[in-house]
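Have the viewer open as you read.

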Amino acid sequence: MKIFLDTTNLEEIKKYQSIGIIDGVTTNPSLMAKSEEGFYDTARQICELVKGDVSLEAVANEYDNMIVEGNKILEIAPNVVIKLPITFEGLKACKYFSSRGKKVNMTLCFSANQALLAAKNGATYISPFIGRLDDIGEDGMELIEDIRIIYDNYGFETQILAASIRSAEHVHEAALCGADVATMGSKTLSELVKHPLTDKGLQKFTEDWANSGMKI
């Protein structure tokens, strides 16, 4: 499973990029709004740092404006993925871009039917929002399972990008369900490596080595 970092924070991207554990970056208008450098400067810097796919979202709601914004966004760098909402206007725009060989991430997915339509229109990624479904008492992970079955049934190549991830357990479950990608914030990503027994074992090894007087 690929891991994407959900952020516009360049320092966070540099940190995890140096470790070698992130495969791409996702952004959204809310994250972009926090950047002091503006949309295009921030986007260019992210695309320069990251070799993998970088999802940049159009904010238009109408097809014609989505096309105008999408074409401008795609000019930023070769690794840009245009991000669009799952509406009929968004699906129409998805077909436009995918038919021209451009990568599309269809976002704000909350049902298997939405995911089916996105795949039929050639989306590169579908982004089901796990945490937001959990918030309203539904099972976000069940949606990942349903989409996986549907895509496998019909041979769709659209990748399942598990989004709105709130915890390390969400990542674990998404991987078990067969998600192709999980995108998360730096807080959740930092939790993936943590385990109390790892910390305890490392402390014991360090103490025993120090007491032995040996050197490497």
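A disulfide is a pair of cysteine sulfur atoms within 2.5 Å. By that cut-off, this predicted model holds zero disulfides. Two of the cysteines show how far apart the sulfurs lie:

| Cysteine | Nearest cysteine sulfur | Distance |
|---|---|---|
| C47 | C94 | 19 Å |
| C94 | C109 | 12 Å |

Are these two cysteines buried or exposed? C47 is buried, with a relative accessible area of 8%, and C94 counts as buried too, at 0% relative accessibility. The cut-off for buried is under 20%.

C47 also leads us to helix 3, which spans residues 39-49 and has T42, A43, I46 and C47 as buried residues. Viewed down the axis of helix 3, these buried residues fall within an arc of 130°, so they line one face of the helix.

Our last stop is S186, in helix 10 (residues 186-191). S186 counts as buried because its relative accessibility is 18%, and the cut-off is under 20%. Leaving aside residues up to four places away in sequence, S186 touches L5, E12 and Y16. With E12, the link is also a polar one: the side chains of S186 and E12 are joined by a polar contact of 3.0 Å.

Note on methods:
Residues numbered from 1 in each chain as written. Predicted model: local features only at pLDDT ≥ 70, side-chain atom pairs only at ≥ 80, totals over all residues. Heavy atoms only, no water. Buried < 20%, exposed > 50% of the residue type's maximum accessible area, 1.4 Å probe, protein only. Helix = DSSP H or I, 4+ residues; strand = E, 2+ residues; numbered from the N terminus. Arc of directions from axis to C-beta. Polar contact = N/O pair within 3.5 Å; in protein donor to acceptor, adjacent residues only side chain to side chain. Contact = heavy atoms within 4.5 Å.
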